[in-house]
Amino acid sequence: MKARLIINPISGTASKAGLDRYVTDALSSCGWEIEVTYTQCHGDATRLAAEAVEMGYDAVFAAGGDGTINETADALCGSETSLGIIPCGSGNGLARHLGIPIDIREGVKVIHDEMPRSIDYATVNGRKFFCTFGVGFDAAVSAAFAEKKRRGKLTYIQSTFETYAHYEPELYTITANGRRITEKAFLVAVCNASQYGNNAYIAPNATIDDGLLDVTIIHAGNTLSTALVGFDMLIGNIEKNVLIHTFRTPAITIERTHDGAAHLDGEPLVLDSHLEISCHHRKLKVFAPESQQAFRPIITPASAMLADFKLAVNKLFQKG
């Protein structure tokens, strides 16, 4: 079996030194012949993955964050080439949803042990996303985070508070499932997976292979009530918040008053005022556990936070 390993050397906060050798050594024992490549700029991962598809590679392994995973998966949709995710980013939302451990060694073990499974992807005005798409506050935070020189969870939290201090809700017209509503909202998130990353559950009950997108609308509230939404997101209880409206749909149209900020899998960009979003059912093959535990509010987030803490402690001891 032949695979191309794509490493984003600047993703996340950890060094990628030795990662190429570790992955090739760990996977050669089960028959993988691996070619190592590195990204140097935006779009490289898509180009490298597309080349692998053209050359008939069995898989492409992407080592990076959700942006790198998005670029890589973009070229694999609808092909017979499978995606392997080696989480090395700041949020790792897609990996977390799929049950792929954030510890690199355990993440590589998933590729070693598991068979590829088919999952959905989505498009907005023809652009693919695999985890979440959003307009409103989350898009503004993504844009602010992208401007920071430092990465990581603390920087993202800083960007969130700075953006929240001056953010104003916008007017949206949303059409889905034969219904049309117009209202002012804090944000509109369209989710293929359950979380943004870093265990922030914007659609905790989302399923990634059901042919449906989970839509979360956060209505405009006062300063305190809107802030409490963030707390409910972290404990996985957002769907019970009074400011939240959720539903599932295979396709949705969002119209806003002007072109503006949006994000695809956490990567900021500017999109048109008219947004057409669709789910594409089981068109991407990815190495991931076939079965996952059911999401449980408080318990699932607490378990994920504990796992992150243990990983951080282990890394500290390794450095020492």
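Is Cys 41 buried, exposed or partly exposed? Select Cys 41 and show its surface: at a relative accessible area of 48%, Cys 41 is partly exposed. Buried here is under 20% relative accessible area, exposed is over 50%, and partly exposed is in between, using a 1.4 Å probe and protein chains only.

A word on what you are looking at: this is a predicted model, where local features need pLDDT of at least 70, side-chain atom pairs count only at pLDDT 80 or more, and totals for chains, interfaces and linings use all residues. Residues are numbered from 1 along each chain as its sequence is written, and side-chain values use heavy atoms, with hydrogens and water left out.

**Stop one: the cysteines**

Now pick Cys 77, which is buried at a relative accessible area of 16%. Its closest cysteine sulfur sits in Cys 279, 11 Å away, and that is also too far for a bond. With a disulfide taken as a pair of cysteine sulfur atoms within 2.5 Å, the count of disulfides is zero.

**Stop two: a helix pair**

Next, select residues 19–28 for helix α1 and residues 104–113 for helix α5. Helices are DSSP runs of H or I with at least four residues, strands are runs of E with at least two, and both are numbered from the N terminus. The axes of α1 and α5 come within 10 Å and cross at roughly 35°. These axes are lines fitted to C-alpha atoms, for helices over the stretch in contact, with angles running from 0 to 180 degrees between N-to-C directions. The crossing of α1 and α5 is right-handed, meaning that the near helix is turned clockwise from the far one by less than a right angle.

From α1 come Leu 19, Tyr 22, Val 23, Ala 26 and Leu 27, and from α5 come Ile 104, Arg 105, Val 108, Ile 111 and His 112. Colour them by type and you get eight nonpolar, one polar and one charged.

**Stop three: salt bridges**

Side chains of opposite charge can pair when their charged atoms come close. Here the rule is a side-chain nitrogen of Lys or Arg within 4 Å of a carboxyl oxygen of Asp or Glu, and the whole structure has 14 such salt bridges.

Centre on Asp 209, which is buried at a relative accessible area of 16%. Arg 117 forms a salt bridge with Asp 209, their closest N and O atoms being 3.2 Å apart. Arg 117 lies in strand β5 (residues 116–124) and Asp 209 in the loop between β9 (179–191) and β10 (213–219), so the pair ties together parts that are 92 residues apart in sequence. Arg 117 is buried too, at 7% relative accessibility.

Keep Asp 209 in view and bring in Arg 282, which also meets Asp 209 in a salt bridge at 3.8 Å, N to O. Arg 282 sits in strand β15 (residues 274–287), so this link joins parts 73 residues apart in sequence. Arg 282 is partly exposed, at a relative accessible area of 45%.

Then jump to Arg 248 and Asp 214, a salt bridge of 3.2 Å, N to O. Arg 248 is in strand β11 (residues 244–249) and Asp 214 in strand β10, so the two tie together parts 34 residues apart in sequence. Arg 248 is partly exposed at 39%, while Asp 214 is buried at 5%.

For a network, select Arg 4, Glu 35, Asp 44, Arg 47 and Glu 51: salt bridges that share partners join them.

Go to Lys 148, in the loop between α6 (137–146) and α7 (153–164). Leaving out residues up to four places away in sequence, Lys 148 touches Thr 155, Gln 158, Ser 159 and Glu 162.

Most residues other than glycine have a negative phi. Asn 177, in the loop between β8 (170–176) and β9, has a positive phi near 55°. Asp 265 has a positive phi of about 50°, in the loop between β13 (260–264) and β14 (267–271). Asn 177 is partly exposed at 49% relative accessibility, whereas Asp 265 is buried at 7%.

How values were computed:
Contact means heavy atoms within 4.5 Å. Ala, Val, Leu, Ile, Met, Phe, Trp, Tyr, Cys and Pro count as nonpolar, Asp, Glu, Lys and Arg as charged, and the others, Gly among them, as polar.
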